[in-house]
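Please look over the sequence and model first.

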Amino acid sequence: MKIALFSTKSYDREYFDKYNNDDRHTFTYFEETLNSSTAEFAKGHEAVCGFVNDKLDKQTIVKLSENGVRLIALRCAGFNNVDLVAASEKSIKIVRVPAYSPQAVAEHTVALILTLNRKTHKAYNRIREGNFSLEKLTGFNLFNKTVGIIGTGKIGTAFCEIMLGFGCNILAHDIFESDALKAKGVVYKSIDEILLNSDLISLHCPLTPQTNHLINKEAFSKMKNGVMLINTSRGALIKTTDAIEALKNEKLGYLGIDVYEQEENLFFRDLSEDIIQDEILLRLISFPNVLITAHQGFFTKEALEQIATTTLKNISDFENGEYLENEVKIEDGKK
Ligand code: NAD
């Protein structure tokens with residue numbers, strides 16, 4: 001099958017080429033993001049393959065359909081960037097990679113926590129300059145702290161298990177409670193109880209109309225003073241301008257984010273010689289207690305391998321008219 005892959009980097013090309021057994025599929029790699037302006041690049045391809053910041057809105061989908069596309073193969077889990085109704089109207093099927101090493105994201109979440117807490121990034125720079133002082137590097141023990149986890153799906157569960165290993169008390173909130181986690185000592189509570197009682201809050205629910213700006217001014221007002229907030233899920237779960245206020249008034253003691261509301265204009269690119277125009281991001285970067293990574297939670301060898309193999313299987317199943325086990329349907333968008 002001929003597939004146009006958008007938003008591709010060298011590592012996408014490496015893994016897709018490696019797992020394209022017998023050169024079964026033909027790939028055209030584009031570095032551009034997929035949106036209504038670039039949709040016509042897909043002409044002559046039956047499938048497009050997109051990632052988290054491709055904009056598959058109605059306009060894009062109509063153009064893809066006009067150009068003969070019958071399948072959208074997402075090489076990510078989230079599908080909040082796809083207009084499912086528009087795709088259905090155009091009889092375009094959507095498939096995704098529902099799980100690619102949840103441990104990759106859970107472990108990156110822990111990396112953010114430990115870096116913010118023990119300030120290893122600052123220690124690294126100090127030592128290189130011959131500064132062996134410990135001043136201002138004080139951290140805190142994770143043992144016995146209360147960790148609030150919103151969303152205990154695949155990644156949230158992996159994260160719970162790691163934090164239980166640290167000896168933390170885990171409060172969780174999800175619309176579906178996990179008996180397996182309860183048996184391990186996780187206690188399900190309302191969101192308000194999590195906000196009120198947690199020393200550290202980590203977000204692992206998807207971005208939906210219900211969770212958009214879940215963490216806003218009102219939510220910050222309920223949190224403990226000096227709380228640590230971590231978001232490796234989707235940027236718009238946090239209203240960033242309210243997070244900046246909470247950092248300024250010291251309600252928020254630490255912020256670690258792998259995702260950002262306006263990340264599609266920034267992340268996955270080298271802008272080191274550009275003038276960054278995003279004042280909100282620049283303000284965030286200016287805080288000493290904020291750590292930002294550019295959506296790299298998924299970025300392990302194991303996850304890249306699984307993304308490529310699952311996406312290629314999804315495409316082959318579609319080509320062979322087989323059952324699509326990873327299909328995204330309209331009703332999935334309403335969950
Ligand atoms: P998942 O579907 O297994 O789990 C999501 C959980 O959130 C489910 O248990 C669901 O019931 C729960 N949920 C849904 N709505 C909720 C609400 N309103 N309140 C509380 N809980 C709610 O998904 P996952 O694989 O664990 O991924 C979680 C999120 O992580 C994804 O949606 C995606 O946005 C993000 N993600 C980030 C990266 C990264 O590189 N940073 C990589 C993969 C996924």
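A polar contact is a pair of N or O atoms within 3.5 Å; within protein, one atom must be able to donate a hydrogen and the other to accept it, and residues adjacent in sequence count only if both atoms are side-chain atoms. The model is predicted: local features need pLDDT of at least 70, side-chain atom pairs count only at pLDDT 80 or more, and totals for chains, interfaces and linings use all residues. Residues are numbered from 1 along each chain as its sequence is written, and side-chain values use heavy atoms, leaving out hydrogens and water.

**Ligand**

The ligand is surrounded by 22 residues (a heavy atom within 4 Å). Lys154, Ile155, Asp174, Thr232 and Asp258 are the closest.

| Residue | Protein atom | Ligand atom | Distance |
|---|---|---|---|
| Gly153 | backbone N or O | oxygen | 3.4 Å |
| Ser233 | backbone N or O | oxygen | 3.3 Å |
| Asp258 | side-chain N or O | nitrogen | 3.0 Å |

On its own, the ligand has 860 Å² of accessible area (Shrake-Rupley method, 1.4 Å probe), and the protein covers 85% of it.

**Domains**

An automatic or database assignment sets the domain bounds. Domain 1 spans 2–100 + 300–334, and domain 2 spans 102–292. Their C-alpha centres lie 30 Å apart. In domain 1, 13 residues are in contact (heavy atoms within 4.5 Å) with 9 residues of domain 2.

Between them, domain 1 and domain 2 bury about 940 Å² (accessible area lost on being put together, 1.4 Å probe, summed over both). Carbon and sulfur atoms hold 56% of that area. The count of residue pairs in polar contact across the two domains is 3, with both residues at pLDDT 80 or more.

Terms used: Buried area is the accessible area (1.4 Å probe) that two parts lose on being put together, summed over both.
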